Amino acid sequence: MIKLAPYWDGFGDLWAITSYSCLLSQRVEHPVHLSKWSVKSMWDRETEIRDILGNLDDGYAENVMVTAERFSTNSRFSVAYHHEPYVPTKVKWARNDSRIISYQIDTSTQHRPDRFCDPWLIEDLSDQLPDYEFIELRKEHQSNMSELIEILSQSELFVGIDSGMSHVAHSVGVPVFLKYYAELGLCHPNKEYVAFRDGDDLKRKLSELPSLSRAMRAKAGKRLTTWQRSSMARLFRRMRPRFTRSVRLSKP
């Protein structure tokens, strides 16, 4: 029997350790026990863990069990240790014409603000791709794995941050675009994704996709982006008091 316990209580780490446990149990042909080592994290999330296991292919989850036993800290596992592709979900991504882009730009975990995306990034992107539906993945999707996987499987791509959602996106197989930050490579080792640094970098890399390049070229130069409109509005608000004052002074 192999014992494992997650080091953190985040959704991404729970997904990673579950996937790792399934792969490990098949490779070594021994059962793997996941510990509820932290009452707050594992006890509250056991249903979520079982939902994750239920969405994996049957052969992977046969020898993986969640146990109430408290394992030693030496056996704790974090997402950075998982250097293999994630176990694929039953529902796989397939290129289709649904014209959906799923995204996540923030999480309830605020310890690394440099990994989050500016909300203007998505608004600007939606201006570039008006024919696409943008679906934001939120915390409530973590407790409904079937819905989360269904959304990702129908999406053209996933745009977001290093989070549990991005780990599930890897398992579904949808193309993943992640905001770059210093520890990104540690959290997604050997996973296929495209890193972007800002909105302009993201648009440039999306324009290289055949399915999006034509739509983005058609919009280029025809309409001001959300960022441009907001910048002009801010400039006008700053200049208006000066303009009003100059008009008053010029009156006889």
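# A first look at the helices and loops

Helix α5 passes helix α6 in a right-handed crossing. In a right-handed crossing the near helix is turned clockwise from the far one by less than a right angle, and in a left-handed one it is turned anticlockwise. This is a predicted model, in which local features need pLDDT of at least 70 and side-chain atom pairs count only at pLDDT 80 or more, while totals for chains, interfaces and linings use all residues. Residues are numbered from 1 along each chain as its sequence is written, and side-chain values use heavy atoms, with hydrogens and water left out.

The axes of α5 and α6 are 10 Å apart and meet at an angle of about 65°. Each axis is a line fitted to C-alpha atoms, for helices over the stretch in contact, and angles run from 0 to 180 degrees between N-to-C directions. On the α5 side the packing uses Met 145, Leu 148, Ile 149, Leu 152 and Ser 153, which meet Met 165, Val 168, Ala 169 and Val 172 of α6. An α-helix has 3.6 residues a turn, so residues three or four places apart point the same way.

**The chain as a whole**

The protein chain has 10 helices and nine strands. Both are DSSP runs numbered from the N terminus: H or I with at least four residues for helices, E with at least two for strands. Of the 252 residues in the chain, 48% are buried. Here buried means under 20% relative accessible area, exposed means over 50%, and partly exposed is in between (1.4 Å probe, protein chains only).

The chain exposes about 13700 Å², with carbon and sulfur atoms supplying 51% of that area. These areas come from the Shrake-Rupley method with a 1.4 Å probe, and for residues only the protein chains shown count as cover. Among contacts with a separation of 6 or more, 70% join residues 24 or more positions apart; a contact means heavy atoms within 4.5 Å.

**Helix α6 and the glycine after it**

How many residues of α6 are buried? The helix spans residues 164-172, and nine of its nine residues are buried. The elements that cover them include α1 (11-28), α5 (145-154), β7 (157-160), β8 (176-179) and α7 (184-187).

Just after α6 comes Gly 173, with a positive phi of about 100°. This glycine belongs to the loop between α6 and β8. Its C-alpha atom is 8.6 Å from that of Leu 152, although the two are 21 residues apart in sequence.

Helices α4 (residues 119-128) and α8 (residues 199-206) have axes that come within 10 Å and cross at roughly 35°. The contact is made by Leu 121, Asp 124, Leu 125 and Gln 128 of α4 together with Gly 199, Leu 202, Lys 203 and Leu 206 of α8. Here too the crossing is right-handed. From Gln 128 to Lys 203 the C-alpha distance is 8.7 Å, across 75 residues of sequence.

**Residues in the loops**

Most residues other than glycine have a negative phi, and most peptide bonds are trans. Glu 29 has a positive phi of about 60°, and sits in the loop between α1 and β2 (32-35). Asn 190 also has a positive phi, near 60°, and is found in the loop between α7 and β9 (194-196).

Glu 84 is in the loop between β4 (76-77) and β5 (100-103). Leaving aside residues up to four places away in sequence, Glu 84 touches Tyr 20, Leu 23, Arg 27 and Lys 191. Its C-alpha atom is 9.8 Å from that of Ala 16, 68 residues apart along the chain.

| Residue | Relative accessible area | Class |
|---|---|---|
| Gln 128 | 10% | buried |
| Glu 84 | 24% | partly exposed |
| Gly 173 | 41% | partly exposed |
| Asn 190 | 59% | exposed |
| Glu 29 | 68% | exposed |

**Charges over rings**

Lys 191, a contact of Glu 84, lies over the face of Tyr 86, at 4.6 Å from the ring centre. Another such case is Arg 197, whose charged end sits over the ring of Tyr 180, 4.0 Å from its centre. A charge sits over a ring if NZ of Lys or CZ of Arg is within 6 Å of the ring centre and within 35 degrees of the ring normal.
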